[in-house]
Structure formats: structure tokens, C-alpha cells
Amino acid sequence: MPSLEIYEKLKKEILNLIGDDVLDDDELFLNLISISEDSRRVLNLAQELKEKGNTLFKQGHMDDALEQYGYAQLILARYNFVKENDRIEFLKLAICILMNCCLF
């Protein structure tokens, strides 16, 4: 089982890798997500963005794929997953997205 320390470390690493500079509209969206009480919906949104990025990558739209992966990473890094099962899903999804980004 991943520890809380590993979870927090990966969240910080994601923000270090992708930065946290976003447009005002995106900031509002990310703030709304960060205060959500439905962690499953947050994970599902990040998963959907990852899958959209995968589709764009397969179509050869590399910049658009990276944008989708970046949004998914920001959502994951900004949300505080409290339940251990959610942190496990976070780790799986975050690592998958980071690996996808390494393809570029």
C-alpha cells in the first residue's frame, strides 16, 4: 500500500514537472475541482482527459495530447485524495500519465 508520504511526494513532483502556471479561467476550474467532495468524479475526469490525450496521440496530434495530459496532471496534483483507495488510483493514473508524456 502506498504511504501518504509517497502520495504527497508524487503530487509535488507533478507540479514541479509541469508547473502551475494556468490561465485565469483554468484557475477557476481547478479551484472548483480542488474543493469537490466527490473524489471518484475527480479521478474519472482525470481518466477521461488521459484517454482523450491517448486518442489525440494516436491521431498524431502531439501538442493537443500533451495539453490533455497536462490538465489531467494538474487536476490530480491539485486535489487532496484522503481515502487510501483513492490515493492508490491516483498513483496508478498519475504514473500512467507521466509515462505517456515521456513518449514525446
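**Close-up views of a predicted helical model**

At a relative accessible area of 31%, Glu-89 counts as partly exposed; the cut-offs are under 20% for buried, over 50% for exposed and in between for partly exposed, with a 1.4 Å probe and protein chains only. The model is predicted, so local features need pLDDT of at least 70 and side-chain atom pairs pLDDT 80 or more, whereas totals for chains, interfaces and linings use all residues. Residues are numbered from 1 along each chain as its sequence is written, and side-chain values use heavy atoms, without hydrogens and water.

**View A. Salt bridge between Glu-89 and Lys-92**. The closest N and O atoms of the two side chains are 3.8 Å apart; a salt bridge requires a side-chain nitrogen of Lys or Arg within 4 Å of a carboxyl oxygen of Asp or Glu. Both residues belong to helix α5, where a spacing of three residues places them about one helical turn apart. Helices are DSSP runs of H or I with at least four residues, strands are runs of E with at least two, and numbering starts at the N terminus. Lys-92 is exposed, at 53% relative accessible area.

**View B. Salt bridge between Arg-40 and Asp-86**. The structure contains two salt bridges, and in this one the N to O distance is 3.4 Å. Arg-40 is in helix α3 and Asp-86 in helix α5 (residues 84-101), so the bridge ties together parts 46 residues apart in sequence. Asp-86 is buried, with 6% relative accessibility, whereas Arg-40 is partly exposed, at 38%.

**View C. Surroundings of Ser-39**. Ser-39 is part of helix α3 and is buried, at 11% relative accessible area. Beyond its neighbours within four places in sequence, Ser-39 contacts Tyr-79, Phe-81 and Asp-86, a contact being heavy atoms within 4.5 Å.

**View D. Aromatic cluster of Tyr-79, Phe-81 and Phe-90**. The structure has two aromatic pairs. The rings of Phe-81 and Phe-90 form a tilted pair, with centres 5.8 Å apart and planes at 40°. Rings of Phe, Tyr and Trp (its six-membered ring) pair if their centres lie within 6.5 Å; planes under 30 degrees apart are stacked, those over 60 are edge-to-face and the rest are tilted. Both phenylalanines are buried: Phe-81 has a relative accessible area of 1%, and Phe-90 has 0%.

**View E. Nonpolar surface patch of Leu-28, Leu-32 and Ile-35**. Together these residues present about 340 Å² of accessible area, computed by the Shrake-Rupley method with a 1.4 Å probe; for residues, only the protein chains shown count as cover. Patches consist of residues with over 30% relative accessible area and no salt bridge, joining like charges within 9 Å and nonpolar side chains (Val, Leu, Ile, Met, Phe, Trp, Tyr) within 5 Å. Ile-35 sits in the loop between α2 (24-34) and α3 (39-58) and is exposed, at 62%.

**View F. Cysteines Cys-101 and Cys-102**. The whole structure contains zero disulfides, a disulfide being a pair of cysteine sulfur atoms within 2.5 Å. Cys-101 is in no disulfide, and the nearest cysteine sulfur, that of Cys-102, lies 7.1 Å away. Cys-102 is exposed, at 65% relative accessible area.

**View G. Asp-64 and Gly-53**. The C-alpha atoms of these residues, which are eleven residues apart along the chain, are separated by 7.1 Å. Asp-64 lies in helix α4 (residues 62-78) and is partly exposed, at 38%.
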